[in-house]
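Colleague: I have a model open and would like to learn how to read it. Could we start with pockets?

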Amino acid sequence: MKKNKWLLVLLVIMLVMQTFTVDAKSNKEIRRLKFDDIETLMKKRNSTIKINKNIEKNLIDSIDAIKDAEDSRKDLEYAIDEIDKAISGLNQKIRQQDKLINEIDELIKTDEDDGLGGVPGLGDEDSGIIELPDIEYEESVAYDTFIETIGYVQGIYESNISTLKQNRNALKEQLKQLDKLPAQELELEKAILQLDMANESIIYGAQNMYLGYNSLRRQKDELVENLELLEEQIEIMVLQEELGMITLLDIKGIENQKEQLELGIKTLDTQMDNIKKELNLMMDQDFDTPLKMEDTFIVDKKIISKIKYKSDLRVAKRNSYSLQLKNYDYKIQNINAEWAEKHGNYDEIRAAARNLENASIEFSQEHKNVELVFDKVYEEIQNKVEALEIENKNLEYQQDKYHVLELRYELGLISEIEFKQGEAEYNSQMNKVKTAEQNLFQAWLQYEALLQGINFQQ
């Protein structure tokens with residue numbers, strides 16, 4: 001028995017350890033970041049996205065609650081109908097009693113006038129007449145009691161009618177509020193859509209920060225290479241100054257350029273470091289976690305060459321978040337207009353009609369906006385493709401030029417500083433090609449985002 005208990009305890013410990021291992025593994029630090037990993041990491045680790053997902057769950061629960069409340073509409077309508085029937089029945093009883101009192105009063109008056117003591121319809125079944133005793137003064141007490149009793153009963157009926165009317169009004173108010181629920185449900189669905197957009201914006205922002213880091217790194221590499229050339233140039237100039245070929249003022253001018261380059265490099269380092277810190281926080285880890293940014297994005301020219309304007313535009317409009325939001329606005333205003341027609345006053349009806357018209361105008365305008373943005377991004381891609389082609393041609397020229405320079409340096413026809421300057425020009429052109437590739441890649445990212453419904457130019 002004890003052995004079985006220990007086995008059970010051991011099994012529980014193993015399960016706990018496995019769970020802990022999974023949790024620890026899912027929260028491990030990210031030390032190397034590739035572009036293709038950004039979307040997955042943001043969805044899995046970003047605090048804002050996780051909070052938004054929880055908010056979405058709460059909104060979905062609220063939508064379910066609204067649907068449950070809407071299910072009670074038929075019960076409310078049935079209850080209101082039953083109360084109407086009950087009120088109608090009580091009113092009919094009151095009218096019958098009033099008619100009875102009037103008939104008795106009329107008979108009493110007739111009896112006093114002609115001495116007849118019978119009341120038709122009362123008493124003898126064969127004749128249909130009941131003989132009424134003469135109503136003397138002392139017998140009028142019974143008549144008064146009869147009238148008071150009917151009045152008392154009618155009072156109870158009227159009290160019940162008043163209570164029923166209050167209940168009916170309360171139920172109608174509930175039904176009135178139920179008529180607002182469809183608009184509230186659409187508002188919640190719209191909020192979920194906006195949260196999805198916010199999540200996509202976070203991912204897109206992280207991707208652009210990554211690409212921005214790479215741009216800064218290329219700028220820094222170019223500045224570092226220029227600084228090395230400048231330092232060698234200063235060493236040569238010091239020798240030239242000692243030989244009286246130049247003045248100290250010439251050296252100070254170059255040293256000022258050196259200080260500017262050093263400041264530029266320091267500024268770029270700070271900017272790059274800040275981007276790393278931001279990305280660390282976006283991945284839910286300490287801002288100072290060591291993070292290596294790997295330059296891994298690839299421009300797929302084959303995919304870009306297969307872009308189809310018309311069909312892609314249809315996809316972009318079908319998936320457009322902004323159009324969906326405007327459509328929600330229109331549906332909400334349409335429900336509000338129907339509610340105003342049913343429950344509102346003149347001013348509410350007029351205001352609701354105007355809001356509906358505005359929503360229709362905005363929805364139509366958003367179609368045009370999506371078309372314009374799509375056209376701009378499409379043209380941007382074409383321009384970036386051409387720019388990349390030009391930079392690649394320039395690179396071919398610089399490469400040929402560099403090979404000639406390299407040969408001349410090996411033959412001793414040029415100095416080392418001249419060779420390094422030429423090498424720097426060649427490296428600079430390679431950076432321009434990488435920059436052109438990244439610009440095309442970013443334009444393609446915007447295009448892909450549009451096809452998925454996201455317009456990041458808004």
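Modeller: A definition comes before the case. On a 1 Å grid over the protein atoms alone, a pocket is an open set of points with protein on both sides within 12 Å along at least five of seven lines, whereas a cavity is a set of points where a 1.4 Å probe fits but cannot get out; lining residues have an atom within 4 Å of a point. Grid points are joined across faces, edges and corners, and a volume is the space filled by probe spheres set on the points. Helices (H or I, at least four residues) and strands (E, at least two) are DSSP runs, numbered from the N terminus.

Colleague: Which helix gives the most to the lining of the largest pocket?

Modeller: H12 does, with 5 residues. The space in the largest pocket is about 340 Å³. It is lined by 19 residues, and Gln207, Leu445, Glu448, Ala449 and Gln452 are the closest to its centre. At least two lining residues come from each of H6, helix H8 (301-305) and H12.

Colleague: What should I know about the model itself?

Modeller: It is a predicted model: local features need pLDDT of at least 70, side-chain atom pairs count only at pLDDT 80 or more, and totals for chains, interfaces and linings use all residues. Residues are numbered from 1 along each chain as its sequence is written, and side-chain values use heavy atoms, with hydrogens and water left out.

Colleague: How many cavities of 30 Å³ or more does the count give?

Modeller: Rolling a probe the size of a water molecule over the atoms shows where empty space is left. Here the count is 4 cavities of 30 Å³ or more. The largest cavity has a volume of about 40 Å³. Its lining is made of Ala316, Ser320, Ser322, Val370, Leu450, Gly453, Ile454 and Asn455.

Colleague: How many helices and strands are in the secondary structure?

Modeller: There are 12 helices and 4 strands. A helix can be checked by its length: the expected span is 1.5 Å times one less than its number of residues. Helix H11 (residues 346-410) has 65 residues and should span 96 Å, and its end C-alpha atoms are 93 Å apart, which agrees.

Colleague: What caps the N-terminal end of H11?

Modeller: Asn345 does, with a side-chain oxygen 3.2 Å from the backbone nitrogen of Asp347. This is a polar contact (a pair of N or O atoms within 3.5 Å; within protein, one must be able to donate a hydrogen and the other to accept it, and residues adjacent in sequence count only if both atoms are side-chain atoms). The N-terminal end of H3 is capped by Asn46, whose side-chain oxygen lies 3.1 Å from the backbone nitrogen of Thr48. After H11 comes Gly412, with a positive phi near 75 degrees.

Colleague: Which residues of H3 are buried?

Modeller: Buried means under 20% relative accessible area, exposed over 50%, partly exposed in between (1.4 Å probe, protein chains only). In H3 the buried residues are Ile49, Asn52, Glu56, Leu59, Ile63 and Ile66. They pack against H2 and H6, where contact means heavy atoms within 4.5 Å. Of the 458 residues in the protein, 31% are buried.

Colleague: How many residues does the largest nonpolar core have?

Modeller: In soluble globular proteins, nonpolar side chains tend to be buried together. A nonpolar core is a set of buried Ala, Val, Leu, Ile, Met, Phe, Trp, Tyr and Cys residues joined through side-chain atoms within 4.5 Å. The largest one here has 51 residues, and Leu33, Phe35, Met42, Leu279, Ile381 and Tyr447 have the most contacts inside it. H12 gives the largest share, 12 residues. Ile381 touches several residues, including Leu440, Trp444 and Tyr447.

Colleague: Is Gln429 buried or exposed?

Modeller: Gln429 counts as buried, because its relative accessibility is 7%. It is found in helix H12. Leaving aside neighbours within four places in sequence, Gln429 is in contact with Glu391, Asn394, Leu395 and Gln398.
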